[in-house]
Amino acid sequence: MILFLLVFLSQGLLQELWIRFMRTLKIRQVAKDYGPEGHQVKAGTPSMGGVIFPLCVVPMYLLGYREALNLTALPALAAAVGFVDDYLKVIRRSGDGLSSLQKLFLQVALSLPWCLMVSRGGLNLMPGIPLSPALAVPLLIFLSVGIQNAVNVTDGLDGLAAGAVAISMLGFLPFLSRSIGMPFAVSLFGAALAFLWHNGHPARVFMGDGGAHFLAGGILALAVSTSCLLLVLPMGFLFGVEITSVAIQIVAIRRFGRRVFRMSPLHHHFELIGWPETRIVTRFWLVHVVGMGILISIIYWIF
């Protein structure tokens with residue numbers, strides 16, 4: 001409880017200071033040309049709020065939880081890619097930063113050291129089902145790149161990604177008892193809730209790619225720490241749905257010349273059919289909770 005309060009209060013205060021700093025420098029979000037028209041009103045909102053997220057581990061270390069390199073390395077490396085992307089958007093005053101190929105290369109390159117490190121220490125798909133490094137490394141790279149992009153595309157509505165990550169952290173807690181993963185999950189939970197305080201509709205700050213990548217890395221690192229890598233599927237349920245909708249839309253357009261959704265990712269489809277933003281966010285959170293429960297039940301029923 002002490003750790004949660006330290007993280008929540010410090011992150012909330014630092015986020016407020018960051019918002020004021022960004023407003024002073026007049027560094028604000030630039031809306032993308034291909035987004036929903038209604039999002040143009042959000043142009044000018046301070047961004048890169050995720051730059052504060054890595055500091056959430058400081059209280060954890062101050063309270064003596066220092067054996068957490070396997071947990072904190074991937075979020076830090078993933079965040080570095082996102083922050084480069086955010087920085088390019090700022091200096092270009094554009095909604096576009098790294099190209100897709102540039103981002104993919106950096107995501108793979110910076111995920112690889114962590115994947116090699118945790119694979120060498122032994123990795124379990126499920127308790128009692130180990131993976132050899134030859135299988136674990138490519139699987140981890142795929143999951144790392146996938147979840148980074150999945151959380152990033154989910155972060156398109158006020159509070160959506162932050163709230164979903166907070167739900168995921170709560171979902172992890174029963175699997176992390178007496179583990180170094182417990183204080184890290186509590187820290188991410190506190191950071192996500194503190195950010196949600198400022199990012200709830202109408203948002204006063206946006207997360208940015210750096211923050212989305214950091215939280216995504218935390219989800220995968222925690223799944224590895226539970227000795228049940230498959231837990232990344234339920235804990236990343238909503239993010240998987242969102243990135244899958246993007247993939248379906250791309251394939252449908254390029255292969256069949258038609259759209260499945262009015263716009264992807266999926267939350268934009270519901271915006272364009274007239275759902276209010278707050279309704280979409282609330283119902284997507286509920287879908288995430290239900291999806292997590294169903295997938296966890298299926299995993300433990302099968303195995």
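This briefing walks through the salt bridges, the nonpolar core, a surface patch, the helices and some backbone details of the structure above. Please keep in mind that the model is predicted. The largest nonpolar core has 82 residues, and the count of salt bridges comes to six. There are also two proline peptide bonds to look at, one from H201 to P202 and one joining S264 and P265.

- Opposite charges on side chains can pair when the charged atoms come close.
- An α-helix has 3.6 residues a turn, so residues three or four places apart point the same way.
- R204 also forms a salt bridge with E16, and here the closest N and O atoms are 3.0 Å apart.
- This second pair links distant parts of the chain, since E16 is in helix 1 while R204 is in the loop between helix 7 (181–199) and helix 8 (208–225), 188 residues apart.
- Are these three residues buried or exposed? E16 counts as buried because its relative accessibility is 18%, under the 20% cut-off.
- R20 reaches 53% relative accessibility and therefore counts as exposed, the cut-off being over 50%.
- R204 has a relative accessible area of 27%, so this arginine is partly exposed.

- Another salt bridge joins the side chains of D209 and K103, at 2.8 Å from N to O.
- This pair, too, links distant parts of the chain: D209 is in helix 8 and K103 in helix 4 (residues 100–120), 106 residues apart.
- D209 counts as buried because its relative accessibility is 6%, and K103 is buried as well, with a relative accessible area of 11%.

**The nonpolar core**

- In soluble globular proteins, nonpolar side chains tend to be buried together.
- Which residues have the most contacts inside the largest nonpolar core? They are W114, L140, M169, I219, L220 and L222.
- Helix 8 gives the largest share of this core, 10 residues.
- L220 touches L74, W114, L140, L143, S144, I147, L229 and V232, leaving out residues up to four places away in sequence.

- A136 lies in helix 5 (residues 133–154).
- At 0% relative accessibility, A136 counts as buried.
- Neighbours within four places in sequence aside, A136 is in contact with S119, L123 and L131.
- The C-alpha atoms of A136 and N124 are 8.8 Å apart, and the two residues are 12 residues apart along the chain.

**A nonpolar patch on the surface**

- V290, I294, I298, W301 and I302 form a nonpolar surface patch, and together they have about 570 Å² of accessible area.
- V290 has its place in helix 12 (residues 277–302).
- V290 counts as partly exposed because its relative accessibility is 48%.

**Helix 3 and the residue after it**

- Helix 3 (residues 69–92) has 24 residues and reaches 34 Å from its first C-alpha to its last, close to the 34 Å expected at 1.5 Å a residue.
- Just after helix 3, R93 has a positive phi of about 50°.

**Backbone details worth a look**

- Most residues other than glycine have a negative phi, and most peptide bonds are trans.
- The peptide bond from H201 to P202 is cis, with omega near -5°, and P202 is in the loop between helix 7 and helix 8.
- S264 and P265 are also joined by a cis peptide bond, with omega about 0°; P265 lies in the loop between helix 10 (237–256) and helix 11 (266–272).
- M48 has a positive phi, near 60°, and is found in the loop between helix 1 and helix 2 (57–62).
- M48 counts as buried because its relative accessibility is 15%.
- S227 has a positive phi near 65° and lies in the loop between helix 8 and helix 9 (232–235).
- With a relative accessible area of 32%, S227 is partly exposed.

Technical notes: Residues numbered from 1 in each chain as written. Predicted model: local features only at pLDDT ≥ 70, side-chain atom pairs only at ≥ 80, totals over all residues. Heavy atoms only, no water. Patch = residues over 30% accessible without salt bridge, like charges linked within 9 Å, V, L, I, M, F, W, Y side chains within 5 Å. Areas by Shrake-Rupley, 256 points an atom, 1.4 Å probe, with all protein chains shown as cover. Salt bridge = Lys/Arg side-chain N within 4 Å of Asp/Glu carboxyl O. Helix = DSSP H or I, 4+ residues; strand = E, 2+ residues; numbered from the N terminus. Buried < 20%, exposed > 50% of the residue type's maximum accessible area, 1.4 Å probe, protein only. Expected span 1.5 Å × (residues − 1). Contact = heavy atoms within 4.5 Å. Core = buried A, V, L, I, M, F, W, Y, C linked by side-chain atoms within 4.5 Å.
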